[in-house]
Structures are given as structure tokens and as C-alpha cells.
Amino acid sequence: MSPLTCPQCQRATFSFWQKQQLGPSGTLQCPACGARVEVPTGRAMACILGFVLIDALAVIAASLINQRLGYAGQWQGSLITAAALLLPGIPLIWAYYRFVPLQLASTP
Ligand SMILES: [Zn+2]
């Protein structure tokens, strides 16, 4: 079953980016059957917290690398910090897509 499949009508009616924008407090309406779907709060929060934690560690590592290489306050340092902020997002966006399932909304 695709991670974008509606849990009620079993059709893949949602887009990748619709799911990415669906946070733990929001719902989406299936355009085929009208069901409201959400993501499980616990798994969505675990993914978001994992992202914040890994991003923070990457930025700390980038800061240490910049100090070691003498790039602090220079454009090379900004580039390394930007890469540290953005690169962990790629596997985490995929993990959110793949491991946080859609489920019928508990509140209509
Ligand atoms: Zn549906």
C-alpha cells in the first residue's frame, strides 16, 4: 500500500507535498470519498523532534568544523552551516513520507 493511500477508499488520492504539509494537528479531505485523514500524532511528533535534534547536532558540528578550519564568520563558514541545516532534511522528509501513515481522522 502506498504511503499516500486513503485509509477509507484505498485509492492514492493525496500528493507527496500534501502529506508533507500535514502536521500532527491538521487533517486532509480525500477528494474521492470525502473522508478526513490525519497522521498519528506520536509518529509525526517523533519525526519532527528527530529532525530538530539531528539539525541542531549538524549545526553544532558545522560550527566546530568552521572553527577548526578558520571559516567562522566567512562565506565558507556560512556555506557549511547552510548545508548542515538543509542536508539532514532530505532523509527526514523521506522518513516522514514512508513511515508516518495516513489514518482516518479521530475528530470530524
Ligand atoms: Zn478516500
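Leu-28 finds its bridge partner in strand β2, at Val-37. This model is predicted: local features need pLDDT of at least 70, side-chain atom pairs count only at pLDDT 80 or more, and totals for chains, interfaces and linings use all residues. Residues are numbered from 1 along each chain as its sequence is written. Two bridges join β1 to β2 (residues 36–38), and these strands run antiparallel; strands count as paired if DSSP finds at least two bridges between them. The open sheet has three strands in the order β1-β2-β3, with antiparallel pairing. Its edges are β1 (28–29) and β3 (103–104), each pairing on one side only.

Stepping back, the protein chain has four helices and three strands, where helices (H or I, at least four residues) and strands (E, at least two) are DSSP runs numbered from the N terminus. From that end, the elements follow the order α-β-β-α-α-α-β.

Two of the helices meet. The axes of α2 (residues 41–69) and α4 (residues 89–99) come within 10 Å and cross at roughly 175°; axes are lines fitted to C-alpha atoms, for helices over the stretch in contact, with angles from 0 to 180 degrees between N-to-C directions. The two helices are therefore roughly antiparallel, a label for angles over 145 degrees. In this contact, Arg-43, Cys-47, Gly-50, Phe-51 and Ile-54 of α2 meet Gly-89, Leu-92, Ala-95, Tyr-96 and Phe-99 of α4, contact being defined by C-beta atoms, placed from the backbone, within 7 Å.

As for overall dimensions, the C-alpha trace of the protein chain spans about 60 × 20 × 20 Å along its principal axes.

Methods
Parallel < 35°, antiparallel > 145°, perpendicular 65-115°, else oblique. Contact = placed C-beta atoms within 7 Å.
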